[in-house]
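Here is a friendly tour through the strands, helices and core of a protein model. Keep the 3D view open while you read, and look for each piece as it comes up.

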Number of protein chains: 2
Amino acid sequence: MRYELYYWPEIPGRGEFIRLALEAGGADYIDVGNSTEPGYGIEAVTHWIDGTMTDYPPLAPPFLKAGKEVISHVAGILLYLAPRLKLINDDKVYQYWAHSLQLTITDFVAEAHDVHHPLGPELYFEDQQDVAVRRARNFIDNRLPKFFHYFECIIDKNPDSSMYLVGKRLSYVDLSLFHMVQGLRYAFPNAMAALESEIPKVIALHDHVLDMPLISEYLASERRLPFSEKGLFRHYPILDQ
Amino acid sequence: MRYELYYWPEIPGRGEFIRLALEAGGADYIDVGNSTEPGYGIEAVTHWIDGTMTDYPPLAPPFLKAGKEVISHVAGILLYLAPRLKLINDDKVYQYWAHSLQLTITDFVAEAHDVHHPLGPELYFEDQQDVAVRRARNFIDNRLPKFFHYFECIIDKNPDSSMYLVGKRLSYVDLSLFHMVQGLRYAFPNAMAALESEIPKVIALHDHVLDMPLISEYLASERRLPFSEKGLFRHYPILDQ
């Protein structure tokens with residue numbers, strides 16, 4: 001099975017949570033938006049969203065095409081992919097628990113995005129910078145520690161492991177948490193530097209993922225797209241005071 | 001099986017999406033936060049969140065206890081419940097599609113909430129009212145029509161039905177869309193009055209759900225909690241110009 005990941009080109013964005021799972025699972029896949037192969041590229045992404053290709057159009061990328069199936073939203077795609085890529089225990093109880101955690105990461109991602117777009121995605125950052133500064137203060141003081149302390153607690157309480165979030169082995173949720181650390185270090189280096197000593201298990205998990213052969217090879221490849229101020233995690237120094 | 005729904009008392013909130021499924025599915029359940037039975041009530045909710053009851057604490061309500069399983073987040077709970085309550089086709093393809101739509105509703109809910117709390121949930125509305133007015137303008141002009149037009153399109157394209165979102169019969173996603181109409185009519189009566197003629201299939205689905213015997217009986221009961229300015233959908237006239 002060759003999976004097709006549909007996402008905007010040139011940014012890691014929400015697509016990165018899917019790429020990390022595909023890479024760590026050793027999957028055969030094509031990153032459609034970034035492909036120069038005939039029939040792929042950004043038009044292939046937009047034609048699925050505008051409904052010309054399907055009776056079941058997603059509202060937005062990312063979505064995954066797996067044979068005839070089309071599945072959208074990060075948490076939905078990972079729910080589908082993880083058992084197939086051996087990135088979650090076969091036991092359904094673990095799968096529901098992992099999905100619950102991934103949905104918490106969904107909320108965390110939305111808040112990390114909304115820091116720079118508190119009035120909505122239709123307006124440029126420059127047109128809402130005053131509000132973003134106020135929202136960033138609350139994000140750094142309250143929301144950022146709340147989410148990371150929660151995941152620290154989840155690793156700490158995991159009866160099956162002292163390293164991972166779910167079960168005895170690496171799961172896709174670990175990869176997503178790894179990416180939250182990566183993205184938030186990029187966007188808020190000062191805030192993260194001040195917080196990291198409080199979340200040693202989260203950081204140890206991050207470092208462990210970083211050292212995984214398939215992941216370190218991916219991160220060094222051209223398939224890994226750089227963070228930028230066009231993406232989900234944006235570094236605006238004025239928001240990271 | 002007696003399901004236990006854990007959610008904050010006195011408000012419909014995010015718990016309402018679960019209540020509607022439990023009611024439409026004819027399930028035996030207890031609304032723990034609102035119960036006066038011994039061992040229930042708000043303390044039972046908070047003890048699960050603070051981790052004293054479990055190694056697998058949710059970050060926040062709602063969560064569902066089903067025997068030994070604890071499942072959190074609206075979309076995760078509905079994914080689990082719907083096949084058991086016959087609120088989705090048994091075919092996995094339909095279940096993934098319904099879950100994708102429910103995750104789009106998750107995003108819609110988050111935006112409907114953030115209109116009145118654009119700087120974050122830690123601050124009172126009164127302390128962010130100026131920003132809320134700016135965000136509400138964007139929500140009403142762009143986001144509200146975007147989401148509802150999308151769901152109108154999904155009903156329109158459904159090859160199996162001219163009434164429902166997924167498949168031939170009512171599914172849990174229909175119930176959630178019904179509640180979006182109810183909540184947004186409460187919060188933004190002017191904006192909804194202006195929009196509704198553009199989304200006739202969404203409104204027809206809403207009216208159909210309203211007339212279902214189990215739902216109309218529920219809505220007339222004391223189990224149905226009223227909307228208020230403590231909840232997810234809030235009516236502040238200044239935001240609905």
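In chain B of this predicted model, four strands form an open sheet in the order β2-β1-β3-β4, and their pairing is mixed. The strands β2 and β4 (69-72) of chain B stand at the edges with a single partner strand each, so one side of each has no neighbour in the sheet. On average, neighbouring strands of this sheet are turned by 20° against each other, direction ignored.

**How the strands of chain B pair**

- Let's begin with strand β1 (residues 3-6) of chain B, which pairs with strand β2 (residues 29-31) of chain B in the parallel sense, over three bridges.
- How does the chain cross from β1(B) to β2(B)? The path goes through helix α1 (residues 15-24) of chain B, and this β-α-β crossover is right-handed.
- With strand β3 (residues 63-66) of chain B, β1(B) pairs in the antiparallel sense, again through bridges, three of them.
- Here the residue to look for is E4(B), which has K65(B) as its bridge partner in β3(B).
- One of the residues to look for here is F63(B), with S72(B) as its bridge partner in β4(B).

**What covers the sheet of chain B**

- Helix α3 (residues 74-84) of chain B lies across β1, β3 and β4 of chain B.
- This helix runs at about 125° to β4(B).

- V70(B) has its place in strand β4 of chain B.
- Why does V70(B) count as buried? Its relative accessible area is 17%, and buried means under 20%.
- Leaving aside neighbours within four places in sequence, V70(B) is in contact with W48(B), P58(B), F63(B), L64(B) and K65(B).
- V70(B) and Y7(B) are 63 residues apart along the chain, and their C-alpha atoms are separated by 13 Å.
- K92(B) is found in helix α4 (residues 92-114) of chain B.
- With a relative accessibility of 47%, K92(B) counts as partly exposed.
- Between the C-alpha atoms of K92(B) and H206(B) there are 26 Å, and the two residues are 114 residues apart along the chain.

**The sheet of chain A**

- Chain A also has an open sheet of four strands, with mixed pairing and the order β2-β1-β3-β4.
- Its edge strands are β2 (28-31) and β4 (69-72) of chain A, and each pairs on one side only.
- Neighbouring strands in this sheet are turned by 20° against each other on average, direction ignored.
- The parallel pair is β1(A) and β2(A), joined over four bridges.
- Within this pair, D31(A) in β2(A) is the bridge partner of L5(A).
- Helix α1 (residues 15-24) of chain A carries the chain from β1(A) to β2(A), in a right-handed β-α-β crossover.
- Strand β3 (residues 63-66) of chain A pairs with β4(A) in the antiparallel sense over four bridges.
- Look for F63(A), which stands opposite S72(A) in β4(A).
- Helix α3 (residues 74-84) of chain A lies across β1 (2-6), β3 and β4 of chain A, and runs at about 125° to β4(A).

**An annotated region of chain A**

- An unreviewed UniProt entry carries the annotation "domain: GST C-terminal" for residues 91-227 of chain A.
- Over residues 91-227 of chain A, the chain is 68% helix and 0% strand.
- The end C-alpha atoms of this stretch are 35 Å apart.

**The nonpolar core**

- In soluble globular proteins, nonpolar side chains tend to be buried together.
- Which residues touch the most other members of the largest nonpolar core? They are F148(A), L184(A), F148(B) and L184(B), in a core of 150 residues.
- Not counting residues up to four places away in sequence, L184(A) touches F108(A), A112(A), F139(A), L144(A), F148(A), P189(A), M192(A) and F233(A).

Key: Residues numbered from 1 in each chain as written. Chains lettered and ligands numbered in written order. Predicted model: local features only at pLDDT ≥ 70, side-chain atom pairs only at ≥ 80, totals over all residues. Heavy atoms only, no water. Core = buried A, V, L, I, M, F, W, Y, C linked by side-chain atoms within 4.5 Å. Buried < 20%, exposed > 50% of the residue type's maximum accessible area, 1.4 Å probe, protein only. Contact = heavy atoms within 4.5 Å. Pairing = 2+ DSSP bridges. Helix = DSSP H or I, 4+ residues; strand = E, 2+ residues; numbered from the N terminus. Right-handed = clockwise from strand over helix to strand, strands pointing away. UniProt positions renumbered as here; feature names shortened; annotations may be inferred. Axes fitted to C-alpha atoms, helices over the stretch in contact; angles between N-to-C directions.
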